[in-house]
Structure formats: structure tokens, C-alpha cells
Amino acid sequence: MERKIPKKIVLKDYVNLHKRAANPRYSKWNVFARDNYECAYCGSRVRPGEAQLEHIMPRSRGGISTWENTVTACPGCNSRKANRTPDEAGMPLRVRPFKPTHGKWMEILLAKHFAKEIYGE
């Protein structure tokens with residue numbers, strides 16, 4: 001049996017991961033992507049329009065906006081924690097925030113890209 005091989009192929013989509021993944025930029029959207037839109041306190045899935053950036057050490061108490069001091073939170077947990085640390089609020093973190101490495105960030109970007117392709121998210 002003879003197989004036909006196309007002379008030309010068409011590239012449908014191209015994602016330049018290397019350029020975007022070298023040093024992930026800190027932003028609230030990238031924190032949401034890192035946390036996979038899951039609340040760091042209760043673990044519930046948060047819709048993109050409802051996700052909130054939560055500072056572990058509140059900004060009013062000297063906390064800064066970094067990968068290690070911010071997590072994704074649902075509106076209920078963010079409101080409940082208020083201007084306190086997780087210990088003071090009795091709300092332990094389910095995950096430890098981190099700055100993604102090159103490899104981990106590529107993983108996150110690929111998952112995000114394929115979720116859009118498959119689920120339209």
C-alpha cells in the first residue's frame with residue numbers, strides 16, 4: 001500500500017514558548033495561571049472574572065506584590081481573610097506560593113494553551 005505524503009503543510013498555530021518562558025513576568029494573570037485558578041485557601045475553582053489576587057502579608061502591613069507573597073483567592077476567602085495574615089485569620093494556605101522556574105512556566109503555558117484549544121477557556 002502506498003501512502004500519499006503532502007508536498008506542503010500549513011501551520012495552524014504557533015506558540016513561541018521559549019521567548020515567553022525564559023523569565024515569567026509577575027502579574028495577577030500569571031499568578032492566576034500559576035495557581036490554575038484555584039483558591040489557595042479553600043481549593044475551589046475560581047472563574048477568571050471572579051479570581052482575586054490575595055496578598056499573604058497584606059500590603060497595608062508592609063507586604064509587597066511578588067510571586068512568593070501572592071496567591072489566587074475566591075471572593076469569599078479573600079473577604080474572610082481581610083487585612084490579616086493566614087495565621088491570624090485561621091486560614092492555612094493549601095499551597096505554597098513560588099516563582100515558577102523556566103520548566104514549570106513552560107508547563108503552565110502549554111496547559112493554558114491546550115485548555116483554550118480543547119475547552120475554549
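User: In what order do the elements of the chain run from the N terminus on?

Analyst: In this predicted model, the order is α-α-β-β-α-α-α. That gives the chain five helices and two strands.

User: Where is Trp 29 placed, and why is it called partly exposed?

Analyst: Trp 29 sits in helix α2, which covers residues 28-34. Its relative accessibility is 46%. Buried means under 20% and exposed means over 50%, with partly exposed in between. The value of 46% falls in between, so Trp 29 counts as partly exposed.

User: Which residues does Trp 29 touch, not counting those up to four places away in sequence?

Analyst: Trp 29 touches Tyr 37 and Pro 48. A contact requires heavy atoms within 4.5 Å.

User: What makes Tyr 37 count as buried or exposed?

Analyst: Its relative accessible area decides this. Tyr 37 has 19%, and the cut-off for buried is under 20%. Tyr 37 is therefore buried. Tyr 37 belongs to the loop between α2 and β1, the strand of residues 52-55. Its phi is near 55°, a positive value in a residue other than glycine.

User: Where is Glu 50 found, and what makes it buried or partly exposed?

Analyst: Glu 50 is in the loop between α2 and β1. Its relative accessible area is 40%. Buried would need a value under 20%, so Glu 50 is partly exposed. Beyond its neighbours within four places in sequence, Glu 50 is in contact with Ala 73 and Pro 75. From C-alpha to C-alpha, Glu 50 and Tyr 37 are 9.6 Å apart, and in sequence they are 13 residues apart.

User: Why is a group of residues called a nonpolar core, and which residues have the most contacts inside the largest one?

Analyst: The largest nonpolar core has 14 residues, and Cys 39, Tyr 41 and Cys 77 have the most contacts inside it. Apart from this core lies another, of six residues, including Val 31, Ala 33, Trp 105 and Leu 109. In soluble globular proteins, nonpolar side chains tend to be buried together.

User: Which residues is Tyr 41 in contact with, leaving aside neighbours within four places in sequence?

Analyst: Among them are Ile 56, Val 71, Cys 77, Met 91 and Leu 93. The contacts of Tyr 41 also include Glu 54, Lys 81 and Arg 94.

User: How do the residues lining the second largest pocket divide, and what makes them count as nonpolar, polar or charged?

Analyst: The lining divides into five nonpolar, two polar and five charged residues. Asp, Glu, Lys and Arg count as charged, and the lining includes Arg 34, Asp 35, Glu 38, Arg 94 and Arg 96. Gly counts as polar, and Gly 43 is also in the lining. The second largest pocket holds about 180 Å³ of space.

User: What percentage of the chain counts as buried?

Analyst: Of its 121 residues, 33% count as buried.

Definitions and conventions
Residues numbered from 1 in each chain as written. Predicted model: local features only at pLDDT ≥ 70, side-chain atom pairs only at ≥ 80, totals over all residues. Heavy atoms only, no water. Core = buried A, V, L, I, M, F, W, Y, C linked by side-chain atoms within 4.5 Å. Buried < 20%, exposed > 50% of the residue type's maximum accessible area, 1.4 Å probe, protein only. 1 Å grid on protein atoms, 1.4 Å probe; cavity = no way out; pocket = protein on both sides within 12 Å on 5 of 7 lines; lining within 4 Å. Points joined across faces, edges and corners; volume = space filled by probe spheres on them. Helix = DSSP H or I, 4+ residues; strand = E, 2+ residues; numbered from the N terminus.
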